[in-house]
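Here's a quick tour of how this chain is put together. Have the structure open and follow along.

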Amino acid sequence: MFLAPISDAREWTRKLSASRAVNAWHIWSSYQRAKRTKEPFIKGLPINISIEPTTACNLRCPECPSGLRSFTRPTGNLKQPLFTRVIDELANDLLSLTFYFQGEPYINPSFLDMVQHASGRGIYTATSTNAHFLTDEAAERTVRSGLSRLIISLDGTEQETYKAYRKEGTLSKVIEGAERVVKWKRLLKSRTPHVVFQFLVVKPNEHQIPAARALAKRIGVDDLWLKTAQVYDPHENHPLIPTQDKYARYRRATDGSWQLKNALHDHCWKMWHSCVITWDGRVVPCCFDKDAHHVLGDLSKQTFTEVWNGDAYRDFRGALLQSRSNLEMCRNCSEGSPVWA
């Protein structure tokens, strides 16, 4: 059993200022009002945002646009001046910041400098990495940056099962990277980052979940999360859909089609409390809009507040409240269906 989530919860509470608590209340209450009235009313600014350090990635995962090199949108690295301007605008109200959308964050050479800036503004910061760039120097800088949470994709306890999804990846690099971060946390007597092994449960690795728990405890990471896998064409005998139903995101409907297990209600908390910012400053609704088809504003030309309260965002929230199933990106949404260890 992992006890470290308690320390992670304490890290969250350390970030909760009076202004952030008031903002969170405004967002929550306006969301409840919108659900009830079907009007896209919103008051406050996001509680969490995700920002994309880069679209580049060293791996070729089969259900990932970065891995498949299939983006139609531009690729590149987030620049620090844009990042600093946005964060400084939101810092008084923003509780948490996720440095991830597509790509491998550590490829951006300014990534940890940006983490340090956000951490210095008292924001809970998190990222997700394949851990191939966690050299000893990078591990030390990660701990010193003030990063609150580091999610490391594990996805297998043997090289053969690991590379079934993390194509062109090397499991030993993942393990060594995690060990380095744990070492530097101990050397620097740091309570952060909260280190998580995230295990994407797919057919090739589902039998290794007990081994993943044992590996996490041996290395000394703080937690293990099990995550369901998104696939773009779910069907029987799909090479990634697990055989154990509890780890599958999909099920066969009465008409024989494959569908998400969770229902698509005509509301979504994410549209009120969070958003995603691409590396070049475009604001999109959430992480399921991977190719930025629904651009709601451009932070190279607008302030964040202008985008958040603008007509495009209002119209998108309104459309979702009327019929979420009509939005293509929502049809494969796992909101409410993760599996936790």
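## Helices α4 and α5

Keep in mind that this is a predicted model. Start with helix α4 (residues 80-90), which packs against α5 at an angle of about 15°, their axes 11 Å apart. Angles under 35 degrees count as roughly parallel, so that's how α4 and α5 run relative to each other. Their crossing is right-handed.

If you want to click on the residues involved, α4 brings Gln-80, Phe-83, Thr-84, Ile-87 and Asp-88, and these meet Asp-113, Met-114, His-117 and Ala-118 in α5. Sorted by class, this contact between α4 and α5 has 4 nonpolar, 3 polar and 2 charged residues.

## The sheet

Now for the strands. An open sheet is built from 9 strands, and reading across you get β6-β5-β4-β3-β2-β1-β9-β10-β11, with mixed pairing. The edges are taken by β6 (223-228) and β11 (297-298); each has a single partner strand, so one side of each has no neighbour in the sheet.

Over at the β6 edge, the partner is β5 (residues 194-201), which pairs with β6 in the parallel sense over 6 bridges. To find your place there, look for Val-201, which stands opposite Thr-228 in β6.

## Helices on the sheet

Two helices to look at here. Helix α1 (residues 5-15) packs on the sheet and touches β2 (96-99), β3 (124-129), β4 (149-153), β5 and β6, and its direction makes about 135° with that of β3. Helix α5 (residues 111-120) also packs on the sheet, touching β2 and β3, and its direction makes about 175° with that of β2. This is the α5 that packs with α4.

## Helices α6 and α8

Another helix pair is α6 (residues 136-144) and α8 (residues 171-187), packed at an angle of about 50° with axes 8 Å apart. That makes α6 and α8 oblique to each other, and α6 passes α8 in a right-handed crossing.

On the α6 side the contact uses Asp-136, Ala-139, Glu-140 and Val-143, while α8 supplies Arg-180, Val-181, Lys-183, Trp-184 and Lys-185. By class, the α6 contact with α8 has 4 nonpolar and 5 charged residues, and no polar ones.

## The whole chain

Stepping back, the chain's secondary structure comes to 12 helices and 11 strands. Its C-alpha trace spans about 55 × 50 × 40 Å along the principal axes. How does the radius of gyration compare with that of a compact globule? With 341 residues, such a globule would be near 20 Å, and the chain has 20 Å, which agrees.

Definitions and conventions:
Residues are numbered from 1 along each chain as its sequence is written. This is a predicted model: local features need pLDDT of at least 70, side-chain atom pairs count only at pLDDT 80 or more; totals for chains, interfaces and linings use all residues. Side-chain values use heavy atoms; hydrogens and water are left out. Axes are lines fitted to C-alpha atoms, for helices over the stretch in contact, and angles run from 0 to 180 degrees between N-to-C directions. Helices (H or I, at least four residues) and strands (E, at least two) are DSSP runs, numbered from the N terminus. Angles under 35 degrees count as roughly parallel, over 145 as roughly antiparallel, 65 to 115 as roughly perpendicular and the rest as oblique. A crossing is left-handed if the near helix is turned anticlockwise from the far one by less than a right angle, and right-handed if clockwise. Contact means heavy atoms within 4.5 Å. Ala, Val, Leu, Ile, Met, Phe, Trp, Tyr, Cys and Pro count as nonpolar, Asp, Glu, Lys and Arg as charged, and the others, Gly among them, as polar. Two strands pair if DSSP finds at least two bridges between them. The radius of gyration is taken over C-alpha atoms; the globule rule is 2.2 Å times the number of residues to the power 0.38.
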